[in-house]
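Dear colleague,

Please find the structure below, handed over for your records.

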Amino acid sequence: MKLSTHVFQRTSDQGMPIISVDNPVASLELSLFGGHVLSFMPKRDNRQRLWLSPKAVMDGSKPIRGGIPLCWPWFGQASQADLPAHGLVRNQMWQVIRVDDDMDETRLQLQPKQCSGPGFVHSAELTLELLIGHQLSVSLITRNTGQQAFTFGGALHSYFRVSDIGKVKITGLQGPYQDKVQNTLMDTSPSPYCIAAETDRIHLTQSADISIVDAECATQLHNQGHDSLVVWNPWQEKSAHMADMSANGYQQMLCIEAAITQGLELAPGQSHTLKQVIA
Ligand SMILES: O=P(O)(O)OC[C@H]1O[C@@H](O)[C@H](O)[C@@H](O)[C@@H]1O
């Protein structure tokens, strides 16, 4: 089904609605389950920026491993044990509410079916806005539509494709971080910043510009509206216990997440945009 000149909707083999964008400068695929970007490739270099696990479950029974999972209205474990990690929206269907096509940019807006549920009983509106052009801009916009302030968190949990994790350097991250593997607070970030073991770190920083420098190329990230940048790679042993990761999958991926981990209060009528631009 054609939604505009450059935007199509199809059904995947597993019965999930997939949105495909193919404009003169870039291509992108998104699953309406989770409002989840699966791939992004600018045509100037035809290099896939995102990593999607070959074992990702794509039938809507669990969140998709890879691409850009949307975590909202909380990041990480919920306050109650029976609620899902990373919030309520990566497990539900989203709908396209707006498509605008231009010669060198496509704008898509999507919203989830439900913005409240167990663990978050507030009046909120959540919109995902994608600008698909020479770069990909991903904005998650939270609006308080009620009469009471609320506090929320979240993340753009992007999985980036790397050619060899052992050769990657991250630039632009300095200062202290919470190490979730060691359960300690570290005073300074490594320099050079390489990944050589399981890594799960919350950098409490509003630093905007980060690069993932690979042996062959660099992926540039510009982040906005975050209080933290999260760096995650499960490494070998943990991956082996994850049904949706292949044995060596960790070697080709690195998550750098624009996140709100500290809780952000939003007054009635206010909006907040969490944004990551990928180039
Ligand atoms: O397996 P999930 O729920 O997609 O989470 C993956 C990872 O997401 C990261 O953001 C967390 O910091 C990790 O602790 C977590 O393991």
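The model is a predicted one, in which local features need pLDDT of at least 70 and side-chain atom pairs count only at pLDDT 80 or more, while totals for chains, interfaces and linings use all residues. Residues are numbered from 1 along each chain as its sequence is written, and side-chain values use heavy atoms, with hydrogens and water left out.

Polar contacts are pairs of N or O atoms within 3.5 Å. A polar side-chain atom of His157 lies 2.8 Å from an oxygen atom of the ligand; for Glu257 the distance from such an atom to a ligand oxygen is 2.9 Å, and for an N or O atom in the side chain of Arg65 it is 3.1 Å. Of the 400 Å² of accessible area that the ligand has on its own, the protein covers 81% (Shrake-Rupley method, 1.4 Å probe).

The ligand takes up the space of the largest pocket (more than half of its atoms lie within 2 Å of the grid points). A pocket is an open set of points on a 1 Å grid over the protein atoms alone, where a 1.4 Å probe fits, with protein on both sides within 12 Å along at least five of seven lines; lining residues have an atom within 4 Å of a point. The volume of the largest pocket is about 380 Å³, counted as the space filled by probe spheres set on the points. Among the 20 residues that line the largest pocket, Arg65, Gln77, His86, His157 and Trp232 are the closest to its centre. The lining divides into 8 nonpolar, 4 polar and 8 charged residues.

With kind regards

Technical notes: Polar contact = N/O pair within 3.5 Å; in protein donor to acceptor, adjacent residues only side chain to side chain. Nonpolar A, V, L, I, M, F, W, Y, C, P; charged D, E, K, R; others polar.
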